[in-house]
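Welcome! Take a moment to look over the model below, and then we can walk through a few of its residues together.

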Amino acid sequence: MTDTADDEQRWSQYMAAAHRGDRRLYERLLGELAAAIEAYVKSRFGRLSFAEDCVQECLLAIHNARHTYDPERPFRPWLFTIVRNKTVDLLRRSYA
């Protein structure tokens with residue numbers, strides 16, 4: 001199993017547990033996602049000055065959309081759709 005597959009399975013389990021009210025696993029999930037989001041942003045856009053703001057905006061968006069995640073579906077596409085959209089929004093605002 002690859003790291004990506006490990007992440008997929010673990011994050012999906014954490015989010016399902018969060019849906020059941022497990023705050024400890026939800027906090028662990030958000031911590032892991034923060035690192036993954038930061039790596040994603042930096043790999044695509046370089047060392048952006050707003051990377052930390054982007055991570056926080058993404059985590060907030062994930063928190064607000066957590067009810068839309070279906071545990072029967074893959075987690076990473078759901079996650080990175082939110083991250084990609086939030087990153088684009090932030091880039092647009094920074095160039096406006």
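Is Ala65 buried or exposed? This is a predicted model, and in it Ala65 counts as buried because its relative accessibility is 17%, under the 20% cut-off. Ala65 belongs to helix 3, which covers residues 51–65. Leaving aside neighbours within four places in sequence, Ala65 is in contact with Trp78 and Ile82. Trp78 is 13 residues from Ala65 in sequence, and their C-alpha atoms are 9.8 Å apart.

Now let us turn to charged side chains. A search of the whole structure finds four salt bridges. Here are three of them:

| Pair | N to O distance |
|---|---|
| Asp7 and Arg10 | 2.6 Å |
| Arg76 and Asp7 | 3.9 Å |
| Glu38 and Lys42 | 2.8 Å |

Asp7 and Arg10 are three residues apart in helix 1, so about one helical turn separates them. Asp7 is buried, at 19% relative accessible area, whereas Arg10 is partly exposed, at 25%. Salt bridges join Asp7, Arg10, Glu32 and Arg76 in a network.

In helix 2 (residues 23–45), Glu38 and Lys42 are four residues apart, or about one helical turn. Glu38 is partly exposed at 33%, and Lys42 is partly exposed at 26%.

Note on methods. Residues numbered from 1 in each chain as written. Predicted model: local features only at pLDDT ≥ 70, side-chain atom pairs only at ≥ 80, totals over all residues. Heavy atoms only, no water. Helix = DSSP H or I, 4+ residues; strand = E, 2+ residues; numbered from the N terminus. Buried < 20%, exposed > 50% of the residue type's maximum accessible area, 1.4 Å probe, protein only. Contact = heavy atoms within 4.5 Å.
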